[in-house]
Amino acid sequence: MTTKTFNVTGMKCMGCVSNVEKALNALDGVASAKADLTAKTATVEYDETKVGFAQMQEAVEKLGFEVTE
């Protein structure tokens with residue numbers, strides 16, 4: 001398993017945090033995802049043979065947030 005933390009711009013409330021976590025946790029290969037409203041980050045533990053940063057980025061950006069490494 002690999003753990004990666006990336007920046008998520010645009011989260012303004014706990015609902016946003018929940019939506020980001022749900023989108024990431026729904027991806028095949030993601031073991032856990034935790035978003036942090038204060039730090040404006042998401043930390044994901046994942047199997048890099050099943051999912052990559054680009055797929056995680058796309059899942060979160062579909063919600064209207066910006067993701068950067």
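Author: Let us begin with Lys62, which forms a salt bridge with Glu58; their closest N and O atoms are 3.7 Å apart in this predicted model.

Reader: Is Lys62 buried or exposed?

Author: One compares the relative accessible area with the cut-offs: over 50% is exposed, and under 20% is buried. Lys62 has 65% relative accessibility, so Lys62 counts as exposed. Glu58, at 45%, is partly exposed.

Reader: How many salt bridges does a search of the whole structure find?

Author: The search finds three. In one of them, the side chains of Glu69 and Lys4 meet at 2.7 Å, N to O. This pair links distant parts of the chain, since Glu69 belongs to the segment after β4 and Lys4 to strand β1, 65 residues apart. Glu69 is exposed, its relative accessible area being 62%.

Reader: Which parts does the salt bridge of Lys34 and Glu21 tie together?

Author: The side chains of Lys34 and Glu21 meet at 3.9 Å, N to O. Lys34 is in strand β2 and Glu21 in helix α1, so the pair ties together parts 13 residues apart in sequence. Lys34 is exposed at 58%, whereas Glu21, at 17%, counts as buried.

Reader: Which residues are buried in helix α2?

Author: In α2, residues 53–61, the residues Phe53, Met56, Ala59 and Val60 are buried. Viewed down the helix axis, the buried residues of α2 fall within an arc of 130 degrees, so they line one face of the helix.

Reader: What do these buried residues pack against?

Author: The buried residues of α2 pack against β1, α1, β3 and β4.

Key:
Residues are numbered from 1 along each chain as its sequence is written. This is a predicted model: local features need pLDDT of at least 70, side-chain atom pairs count only at pLDDT 80 or more; totals for chains, interfaces and linings use all residues. Side-chain values use heavy atoms; hydrogens and water are left out. Buried means under 20% relative accessible area, exposed over 50%, partly exposed in between (1.4 Å probe, protein chains only). Helices (H or I, at least four residues) and strands (E, at least two) are DSSP runs, numbered from the N terminus. The arc is that of the directions from the helix axis to the C-beta atoms. Contact means heavy atoms within 4.5 Å. A salt bridge is a side-chain nitrogen of Lys or Arg within 4 Å of a carboxyl oxygen of Asp or Glu.
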